[in-house]
Amino acid sequence: PSAVFCADCLQGMTESPILIESPDAPFERAVAVGSYEGALRTAILKLKYNRQTWLAQPLGDLLAEAARQHLDIPDIIVPVPLYPLRSRERGFNQAELLARVVGRTLHRPVISGNLQRTRPTVAQSALGRSERADNVAGAFRLARPGELTGARILLVDDVHTTGVTVTECANVLLESGAVRTQVCVLASGK
């Protein structure tokens with residue numbers, strides 16, 4: 001990442017990884033590279049909305065480093081899925097691009113396509129806290145439930161705000177036989 005981001009931006013992105021506290025969550029631990037502000041926010045927005053997919057590599061490197069420092073190494077890495085129509089419109093799933101970088105760095109397989117978003121949801125950023133939970137309730141399922149039985153899974157996403165998306169995903173994974181879930185995201189906050 002140091003070859004891509006200036007020293008000030010890189011320091012701003014990485015100076016304070018955030019251990020996300022979620023006592024009632026179905027995942028054991030969650031970490032964010034930093035707060036959803038400044039250079040990190042700008043890079044995420046460019047990746048997602050300006051189709052600057054080359055940013056997935058340096059941002060994924062930051063994610064992998066946060067995971068290595070603060071989480072246990074998983075058996076499998078699973079990106080939070082987009083609804084197929086949104087994925088086609090965007091041309092990619094940013095969480096999957098990031099997960100692939102993390103998988104290569106941690107030498108762990110990435111399984112995408114099994115965890116699926118079964119219905120379109122409104123962008124979480126447009127909703128209040130209570131509306132977010134309703135928005136994603138029942139929106140995820142596994143296409144091949146037996147594939148993840150007994151696995152320790154790392155869920156990867158770009159931004160964590162209220163945590164309802166990763167909570168819903170982790171519940172689906174655990175109900176299907178995964179033994180443990182952890183979460184790694186680029187940014188935490190609104």
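The entries below follow the order of my look-ups.

**Entry 1: the model.** I am working with a predicted model.

**Entry 2: salt bridges.** How many salt bridges does a search of the whole structure find? I got eight. I then took some of the pairs one by one.

**Entry 3: Arg29 and Asp72.** I looked up Arg29 and found a salt bridge with Asp72, with 3.3 Å between the closest N and O atoms. This pair connects distant parts of the chain, as its members are 43 residues apart. I placed Arg29 in strand E2 (residues 29-35), and Asp72 in the loop between helix H3 (56-70) and strand E3 (76-79). Arg29 has a relative accessible area of 35%, so I noted Arg29 as partly exposed. Asp72 comes out at 29%, which also falls in the partly exposed class.

**Entry 4: Asp158 and Lys48.** My next pair was Asp158 with Lys48, a salt bridge whose closest N and O atoms are 3.1 Å apart. The two residues are 110 residues apart and link distant parts of the chain: Asp158 belongs to strand E6 (residues 152-160), and Lys48 to helix H2 (residues 38-49). Are Asp158 and Lys48 buried or exposed? I recorded both as buried.

**Entry 5: Glu96 and Arg100.** I found a salt bridge between Glu96 and Arg100, the closest N and O atoms lying 3.2 Å apart. Why are Glu96 and Arg100 separated by about one helical turn? They are four residues apart in helix H5 (residues 94-106), so about one turn lies between them. The general rule is that an α-helix has 3.6 residues a turn, so residues three or four places apart point the same way.

**Entry 6: a network.** I then looked for salt bridges that share partners, and these join Glu28, Arg29, Asp72 and Arg180 into one network.

**Entry 7: helix H7.** I checked the length of helix H7 (residues 164-175). Its 12 residues should span 16 Å at 1.5 Å a residue, and I found the end C-alpha atoms 16 Å apart, so the two values agree. Which residues of H7 are buried? My list reads Val164, Thr165, Val166, Glu168, Cys169, Ala170, Val172 and Leu173. After H7 comes Gly177, for which I noted a positive phi, near 110°.

Key: Residues numbered from 1 in each chain as written. Predicted model: local features only at pLDDT ≥ 70, side-chain atom pairs only at ≥ 80, totals over all residues. Heavy atoms only, no water. Expected span 1.5 Å × (residues − 1). Buried < 20%, exposed > 50% of the residue type's maximum accessible area, 1.4 Å probe, protein only. Salt bridge = Lys/Arg side-chain N within 4 Å of Asp/Glu carboxyl O.
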